[in-house]
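Please look over the fold below.

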Amino acid sequence: MEISHKKSLILLTVASVVVFFLVYLIGHTIFQHKSYNFMVKQTSVNKAASDDIILVVIDNESLAKLGRWPWKRTVFLEIFDYLENYTSTKVYGFDAVIIAPDTDFPENDKRFSDNIGRFEKLVAGVGFMYEPFKEISDKDIFNEMLFFKSDINFTDKRSTKYKTQSPYKSFTPFLKEYFYNIQNLGAVNTLQDADGYIRRVDQVISYNGRLYPSLALLMFSKATGIKDFTITDNYILAKNDKHTLKMPIVNSNGVAYSFLSYYKTHDGVYSHRKISASDIIESSRNIKIGKKPKIDPEIFNNKIVFVGSNANSQALQDVKRTPISDTFAGLDIQATNFNNIYENKFFRGVSPLYSFITILTVFILVLLLICTLPIPVALMCTSLVMFLYFIFTFIMYHHRIGVGLIMPEVFMLIAIGFGYSYRYLVEGRKKEKIQSAMGKYISKDVMKNVVSNIDSVKLGGKRACVTVLFADIRGFTSISEQLSAEEVTNILNEYFSAIAPVIEKHNGILNKFMGDAVLAVFGEPIKNENHAVDAVKCADEMLKKVKQLQGKWLDEGKPKIEIGIGISTGEAFVGNIGSEERLEYTVIGDTVNTASRIENYNKVYKTKFLISEETFLRVQKYVDVIKIREVTIRGKSKKINIYEVLRILPE
């Protein structure tokens, strides 16, 4: 079943819309995170972490020097004591939670909890959880005391829709003595996306009717002296004489989170300077006995320190999957967050609406290029657009703005496909119109032959056996004198319109109109061994068609028109003549001249339908004829017999 051009365009449009949204929904899930990881990894190599941030890590070297884990918790007191009392560290964070008692050394556990409160520069981590408290009987006291573990003041200027409670129902079930004595606690919650990678971190959590800061945000407050923060729909704001904070955030489900801007890493694990915890402990012990410390305390002057663990031990190994590495230290994620806040340089994600508009824009742009420009130019422009968008994406990621990379490029390729589908339909329709129009000037069969051999159209042709039909209107000159030019044109148009389909029906091609005469060819370019029979049958039907027209014209008061037909069969030249710029498909030769001369004998013998002897020999089984006589044909040395066709015999 043929589908109309209009319906094809409608179907193409519907298909475009459906495919657009399907690819957008599926592709967003498949490609968005992968392209994000690729771009972050490529652009982070140009971003060095701050020298003001140092990691103190319980690593493999520490275990080798101080023995296998678990250590006595008083060892942490040695690290904190060194940082608090022997260095000029601004603030240090402890990325660990103390939840289980040390049953082997309970006295050390008590000593650790009793002394933890004297470290004013220490900010420890707290993890908010989705499950409610289970084994804590005085959970209300825990919830109340948590509020006093940070001295940040939040001014909440968010819209009402964002002032909701987070889904967190509890927090780390600390040892009570430790929890009561620790002075500062900040959230260490990170957001793991569906593919297992960490790209975001909670900055402010709405819990139990109050707002709680992240570990890094609380450490920033301690390091800068800023206590007052404002949270809006899009930013966390703070300022003093030396520091300005304008952190872009996303408010969602009671949590304000931000995207992490990662830095280059040399080993895939750490992006900040790392010092082994054993070196700090050794330095602390040396100082107390009057020996030179292994780590000079001066290197910590005005620095920010993060203390945590990451060693080849089940209890200590802390590596996360991030865009820049699948083995990135969890401690360094907290340091990276602080680094972003301290330098006021953040990674910004773009909204889903922005991504959709970008994809739709490039899709439409490429579609227009493909549909309107010549194909080579369109492809060149499209390639340029794709390249420029790739460069644009790199620039945006370099400036910490996470725009989509793969999806717009994918949709540009899809637009190319739909664009060429549209062109195929439109140009196919134009070709049909051109062929239809050209069919009014030349034979449709000739035109089809030209189209099918478009690359080999040239001057020249071949000799072939054909049958030529020549039809002429009797007394046309006198008829023309009786009628106006418009009336003559109308009669001719009606006559030609009636006989043209008859010629086509019998496998002939209407080669040309010559005033009131018609020249038709059978046997070329439509191959047919029975071309003489087809020509005779065609002539018989033409005469019948004219007879029908005569009755109509008589009713309309128009003159009676008679036609004479001459048919000749023989060899002729068939092909293209003219010049390289202007060709005409025609038939030339003695056979054509003979058909014209035979037709003229209709006037002499008062007949309507004459054929040559060669034609008669080919059709004698199909026709009833009368032999007229031998006649002289101008240009031929010998006379030929001509025959009048009386009727076509029943098959």
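## An open sheet

In what order do the 4 strands of the open sheet stand? The order is β5-β11-β12-β13, with mixed pairing. Strands pair here if DSSP finds at least two bridges between them. Helices (H or I, at least four residues) and strands (E, at least two) are DSSP runs, numbered from the N terminus.

β5 (153-156) and β13 (244-248) stand at the edges. Each has a single partner strand, so one side of each is left without a neighbour in the sheet. On average, neighbouring strands of this sheet are turned by 20° against each other, direction ignored. The axes behind this angle are lines fitted to C-alpha atoms, for helices over the stretch in contact; angles run from 0 to 180 degrees between N-to-C directions. β11 (residues 228-231) and β12 (residues 235-239) run antiparallel and are joined by 2 bridges. T230 has L237 in β12 as its bridge partner.

## Basis and overall figures

The model is predicted: local features need pLDDT of at least 70, side-chain atom pairs count only at pLDDT 80 or more, and totals for chains, interfaces and linings use all residues. Residues are numbered from 1 along each chain as its sequence is written, and side-chain values use heavy atoms, with hydrogens and water left out.

The protein chain has 18 helices and 29 strands. Of its 651 residues, 49% are buried. Buried means under 20% relative accessible area, exposed over 50%, partly exposed in between (1.4 Å probe, protein chains only). Among contacts with a separation of 6 or more, 75% come from residues 24 or more positions apart. A contact means heavy atoms within 4.5 Å. The chain exposes about 32,600 Å², and carbon and sulfur atoms supply 54% of it. The areas come from the Shrake-Rupley method with a 1.4 Å probe; for residues, only the protein chains shown count as cover.

Helix α8 (residues 277-288) has 12 residues. Its first and last C-alpha lie 17 Å apart, close to the expected 16 Å at 1.5 Å a residue. The expected span is 1.5 Å times one less than the number of residues. Buried residues of α8 include A277, D279, I280 and I281. Their cover includes β1 (53-58), α2 (60-66), α3 (74-85) and β16 (273-276). G290 follows α8 with a positive phi, near 85°.

Helix α17 (residues 590-605) has 16 residues and reaches 23 Å, close to the 22 Å expected. Its buried residues include V592, I598, E599 and Y601. Just after α17, K606 takes a positive phi of about 55°.

## Aromatic pairs

The structure holds 40 aromatic pairs. Rings of Phe, Tyr and Trp (its six-membered ring) pair if their centres lie within 6.5 Å; planes under 30 degrees apart count as stacked, over 60 as edge-to-face and the rest as tilted. Y36 and F347 have ring centres 5.4 Å apart and planes at 65°, so the pair is edge-to-face. Y36 sits in helix α1 (residues 5-44), and F347 in the loop between α9 (330-343) and β20 (348-349), 311 residues apart. Both are buried.

F76 and F112 have ring centres 6.4 Å apart and planes at 55°, so this pair is tilted. F76 lies in helix α3 and F112 in helix α4 (residues 106-115), so the pair ties together parts 36 residues apart in sequence. F76 and F112 are both buried.

## Q334

Q334 is in helix α9. Q334 is buried, with a relative accessible area of 3%. Not counting residues up to four places away in sequence, Q334 touches D95, A187, V188, T190, L215, A216 and F306. L260 is 74 residues from Q334 in sequence and 9.8 Å away, C-alpha to C-alpha.
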